[in-house]
Amino acid sequence: MISVRDLYKSFGTNTLFAGVSLQVEKGEAVVLIGPSGSGKSTVLRCINGLEMFDRGEITVAGIELHSINRKRPSKEDAENIRRVRLKLGMVFQQFNLFPHMTVLQNITEAPVRVLGMSRREAEEIARGILRQINLESKVNSYPAQLSGGEQQRVAIARALAMRPEAMLFDEPTSSLDPEMAGEVLSVIRKLVEDGMTTLIVTHEMGFAREVADRVVVFDKGTIIETGPPEDIFTNPKVPRTREFLNRVLK
Amino acid sequence: MRRFLGILFLLIIGTGIIIYAAVPSKPKEGTLDKIKKRGHLLWGADAEGGAPYAFPDPKDPSELVGFEVDLAQSIARELGVKAVESQNAWDSLIPALERGDFDFAMNGIEITEKRKERVLFSQPYYIYTEQLVVRKDENSIKSVNDLKGRTVGTLSGTVAQDILMGMRGVNVKIYSGQVEPYQDLALGRLDAVLLDLPIAAYYARPNPKLKFAGPPVGEGLYAIAIRKNDVQLKKKLDEVLAKLYRTGELKRIYEKWGLWNNKQEKLAAYFRNPDKNAATLEESQRAPVKSFFPMLLKGAGVTVLISVSSMSLAIGLGLILTLMRLYAGAPFNWLAASYIEVYRGTPLLIQLYILYYGLPNIGISLNPVLAAFLGLGMNYAAYEAELYRAGINAVPHGQMEAALSLGMTKGLALRRIILPQAVKIALPGITNDFIALFKDSSLVSVIAMVELTKTYSMLAASTLRFFQLGIITALLYFGMSYPLSLLARRLEKKLKKDRR
Ligand SMILES: Nc1ncnc2c1ncn2[C@@H]1O[C@H](COP(=O)(O)OP(=O)(O)O)[C@@H](O)[C@H]1O
Ligand SMILES: [Mg+2]
């Protein structure tokens with residue numbers, strides 16, 4: 001479903017990736033862990049075209065993104081980036097809801113304007129998703145009137161309304177207190193259980209262990225270890241993984 | 001409430017004290033004594049476009065020349081002192097004289113009944129006439145009687161203006177400089193110009209595109225304006241002028257400037273009969289303040305129209321400039337940035353001059369309304385562009401990324417997500433700019449637009465009621481801008497509420 005092959009990426013003179021590869025199969029839930037600054041967000045951002053890369057290849061649902069290192073991608077590249085984005089839903093640490101729109105408008109804006117859905121159909125879908133995540137009463141609220149956990153759930157709903165084939169989460173609970181984090185995690189858990197292909201960056205190790213089919217450990221721009229959660233969490237092979245886990249699980 | 005009243009009371013008292021202090025107390029020693037003690041006399045004139053009266057020497061602009069400069073030097077010599085010119089806008093020579101800025105004003109000031117209420121006049125030193133000037137190819141205007149339905153230019157505050165205003169059906173255009181009316185006449189913006197003969201002789205006669213139409217009309221007297229209480233100075237100046245006339249020095253000065261004609265022989269009568277210097281030109285009658293309101297309100301209407309239309313241009317053009325600057329490739333981003341810097345880095349007044357008086361040099365002649373609209377709008381567009389840019393930059397980066405990750409194109413994301421938030425952030429600034437533009441619109445009076453400020457200066461110059469009319473005009477401006485800022489504040493609040 002998502003495949004990253006031999007990715008090179010540098011910021012100015014700082015090289016971050018020198019040949020990273022990563023696969024996510026359809027229906028699989030992959031969790032990325034690792035110290036902050038190790039490149040987890042950048043991988044996600046490369047996958048949906050928010051970040052350019054220098055070398056390598058990314059394929060999403062059969063659509064190829066090449067090493068797009070130009071400031072202005074060609075028409076064809078730009079179109080591919082957009083097609084990839086339509087296959088993927090993205091959830092950010094900072095929610096990034098549109099503050100000037102109500103919850104309902106936040107969710108229906110893209111289906112109506114991008115997919116050309118009728119407003120009625122889009123609203124019906126939006127209400128359906130909101131019902132599932134217990135936010136139906138908030139349809140007409142503005143983001144500033146919601147708690148952090150509610151905002152993040154709306155952000156997930158907004159991404160889901162586009163009917164993506166896979167979801168990317170970049171530390172979805174890092175700006176939430178534990179109680180609200182729980183609400184958000186259970187929404188994601190439900191998605192994974194329903195078979196959604198997901199790629200999650202998180203520091204919630206308990207959650208990672210619970211939902212992940214596979215855990216990928218990043219350190220300083222390289223994947224140092226990958227495997228099923230039982231192996232990684234109980235019996236890590238690489239010393240740096242052990243150090244990292246000791247630090248965060250303490 | 002009581003405290004508020006107390007503060008108000010203090011404010012009124014304070015204002016009273018300031019006004020009292022600002023009004024000059026009557027000089028105790030006579031101006032003549034002061035001149036002698038000082039060693040030079042200060043005479044007020046407007047040397048800006050002031051040929052042939054008093055103007056910077058084209059060969060050495062640091063020196064003033066003109067027939068009145070020669071006359072001032074002769075007078076000074078007779079008094080045993082030096083002459084020093086004090087530069088002042090012509091419109092406000094008399095208020096400045098009253099304020100005590102100089103000893104007397106001598107700058108083609110016509111003797112009129114209205115002025116005689118405020119100042120003392122010396123014996124006249126020149127008999128002027130009004131000369132009608134038209135384009136060379138103009139055959140239908142032979143005299144002032146043919147001006148009905150025509151657009152005629154003249155100078156603000158002159159007797160020619162009074163003559164034209166007194167004629168029915170003539171469209172009068174008032175200028176504040178002597179060069180511009182003839183320029184506009186040559187360009188076809190005017191059908192004729194009526195101005196004092198010395199001005200016509202200097203500016204129009206050498207212009208091959210223009211010709212004199214008909215004989216001089218009217219007849220009036222130039223005299224030196226002296227403060228009401230300076231009787232001693234008046235007596236002395238009259239003596240000096242009579243002597244200069246007797247010795248033929250006055251005639252030599254006028255001949256030097258091509259201004260001597262038979263009419264000047266009549267000056268002799270005045271020097272023989274010292275008190276017969278009555279004005280020969282009819283005054284527009286004294287009117288109650290109420291009667292000025294229709295004209296002021298009309299001016300205010302023009303001001304509102306210009307402000308609203310040029311602000312619309314600024315808002316639209318500003319947005320285009322910002323989008324070009326932020327999102328278009330070279331050379332458009334570069335062009336937009338240069339536009340913004342140039343327009344913000346040069347005075348609006350210069351931009352207006354170039355648009356209105358400069359462009360005709362390269363064959364583009366704009367009418368005043370269009371020039372005012374473009375001048376203000378294009379200038380403010382640069383400022384609006386910067387406000388939008390600040391607004392866009394203040395929208396968190398994540399907003400654009402979230403929109404893009406939903407599959408929106410950059411254009412759609414800008415239009416639906418970024419700009420609505422940016423405009424909200426920029427709104428207070430845009431409002432303030434509108435109020436500023438509203439006041440800056442007074443600058444377009446320099447390009448022959450008769451809006452509120454121009455109406456004021458015309459009325460004030462012809463009635464000399466600068467204070468009364470000034471307060472009324474200021475109140476009109478305030479009455480229009482204040483509701484605007486209230487409205488803007490409400491809009492701002494509403495948007496804020498929507499956001500929450
Ligand atoms: N826009 C950028 N410009 C320069 N350096 C960046 C930029 N984005 C990320 N980096 C650098 O790349 C590295 C990886 O960042 P990131 O992918 O955000 O790490 P993580 O998500 O694992 O915390 C960090 O060292 C960070 O400083
Ligand atoms: Mg990160």
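This is a predicted model: local features need pLDDT of at least 70, side-chain atom pairs count only at pLDDT 80 or more; totals for chains, interfaces and linings use all residues.
1. Residues are numbered from 1 along each chain as its sequence is written, chains are lettered from A and ligands numbered from 1 in the order in which they are written, and side-chain values use heavy atoms, with hydrogens and water left out.

2. The shell around ligand 1 includes A:Phe11, A:Leu16 and A:Pro35, where a residue is near if one of its heavy atoms lies within 4 Å. The shell divides into three nonpolar, six polar and one charged residue, with Ala, Val, Leu, Ile, Met, Phe, Trp, Tyr, Cys and Pro counted as nonpolar, Asp, Glu, Lys and Arg as charged, and the others, Gly among them, as polar. Its largest share, three residues, comes from helix H1 (residues 40-47) of chain A, helices being DSSP runs of H or I with at least four residues and strands runs of E with at least two, numbered from the N terminus.

3. An oxygen atom of ligand 1 lies 2.6 Å from a polar backbone atom of A:Gly37, and an oxygen atom of the ligand is 2.9 Å from a polar backbone atom of A:Lys40.

4. In chain B, eight strands form an open sheet with mixed pairing, in the order S4-S1-S5-S10-S6-S9-S7-S8, where two strands pair if DSSP finds at least two bridges between them. The edge strands, S4 (82-87) and S8 (171-175) of chain B, each pair on one side only.

5. Strand S7 (residues 151-155) of chain B runs parallel to strand S9 (residues 192-196) of chain B, and two bridges join them; B:Val152 stands opposite B:Ala192 in S9(B).

Terms used
A polar contact is a pair of N or O atoms within 3.5 Å; within protein, one must be able to donate a hydrogen and the other to accept it, and residues adjacent in sequence count only if both atoms are side-chain atoms.
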